[in-house]
Amino acid sequence: MVPLVFCENQNVATLQRALSEQLGFAAGKASELDLSAMILAYREGASAEALREVPVRYRVTERARSPLFPNVDGIKYLLHEGGCGNSKSDVEALLRLLAGYITHPNVAGATVIGLGCQFAQAGMLRAAVQRSAPGYNRPLYILEQQQYGTEEQLLTEAARVTFIGLTEANRITRSPQPLHNLSLGLECGGSDGFSGISANPTLGRVSDLLVAAGGRALLAEFPELNGVEQELVNRCRTAESAQKFVSLMRAYAASAVRAGSTFADNPSPGNIREGLITDAMKSAGAARKGGSSPIVDVLDYGEVATRAGLHLLNTPGNDVESTTALAGAGANLIVFTTGLGTPTGNPVAPVVKIASNSALAERMPDIIDFDCGAIIRGKTTIDALAEQLLNYLLEVASGRVTPAAVRRGQDDFIPWRRGVSL
């Protein structure tokens, strides 16, 4: 379910509460903080010092799925802050992104709620959907509040058509698929000094194996490719792709300067603390996620991958903005390497977290799915671990293994805004 404009976020949130609970989609692990002991102590006159000793309980409960629609994993809600009052380029980019999600291979249908007067018009979205997937025929319902009148009329109709769409989606069942149908998003965040020598090259080897089998891999985060441009240009299959990559990188770098920054500001305090003190050092490790395969295409933000092979996708280094774009470009599984830990997930593409070191995997087991620390300890090789990782990813893609971000309901969605508010 998608708001076409930020004005409709509240209505979508209202539908989320009703549909998720009543249809049994509020499944997975639910976290809850219990402040009852502190409330009681405060009412009894406890001082601030005494309150520091009062326990706050943290409970995690498992909620079961409803069997009403057993073939549907859930309804996802893509709240955002765009759709109106933005530059024309940002509105168009948002529509391309939303079209990528609506036509995504993991998505069976969509309900879209607009206001009516916003810049991102319903007809523009329908056109973007057809460009993304010509002949698109899954359930797609677009409702506009100004046409319905009351909020009650809008919400009841949205609930009704969504329910009907779910009945259609429930007819779809899993079936064996060839490996070349897998599109892998390659992402990193919270990187450390080990990322470039354990997790990233392991993922790069997996990327090469997938590409060799006819699948797709998408390498994003252009600020984190700064310093290794020539290596990537040399791997582009066509001069057109190489020129597009250079042009996008130069335009991005220039926009950063206009905003009073540079790519050199990309390393975070955590990166620097762990040894990645310059953008070039960070980029040298980040690029290894792309393995050594030839680059078949270069995509700007909002474009969808259509060819087999390795792609470069223009996104920020910001973790959520990047994973949001990877899913929009067609990645049906995202692999996220990290040395410091991050809970980032995505609404429509499972995000698998790969630890660069075993200390992280042991310290944050609730968010880490796979540990590459054995490479650092000399207990295994990149090739051997890459084979294990690929098998693990196939289990995730087949629905037999659920990664931590999915179990925790980590549905992060942040479109990239490059323009100004108007």
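Helices (H or I, at least four residues) and strands (E, at least two) are DSSP runs, numbered from the N terminus. The model is predicted: local features need pLDDT of at least 70, side-chain atom pairs count only at pLDDT 80 or more, and totals for chains, interfaces and linings use all residues. Residues are numbered from 1 along each chain as its sequence is written, and side-chain values use heavy atoms, with hydrogens and water left out.

**View 1. Ile382 in helix H16 (residues 382-397).** Ile382 has a relative accessible area of 25% and is therefore partly exposed (buried is under 20%, exposed over 50%, partly exposed in between; 1.4 Å probe, protein chains only). Leaving aside residues up to four places away in sequence, Ile382 touches Ile197, Pro201, Thr202, Arg205 and Ile375 (contact: heavy atoms within 4.5 Å). Ala199 is 183 residues from Ile382 along the chain, with 8.7 Å between their C-alpha atoms.

**View 2. The open sheet of 7 strands.** The strand order is E8-E9-E7-E6-E10-E11-E12, with parallel pairing (two strands pair if DSSP finds at least two bridges between them). Strands E8 (295-299) and E12 (370-371) are at the edges; each has a single partner strand, so one side of each lacks a neighbour in the sheet.

**View 3. Strands E6 (residues 183-188) and E10 (residues 333-338).** These strands run parallel and are joined by 5 bridges. Leu184 has Leu333 of E10 as its bridge partner.

**View 4. Helix H10 (residues 239-258) across E8 and strand E9 (309-313).** H10 runs at about 35° to E8 (axes are lines fitted to C-alpha atoms, for helices over the stretch in contact, and angles run from 0 to 180 degrees between N-to-C directions).
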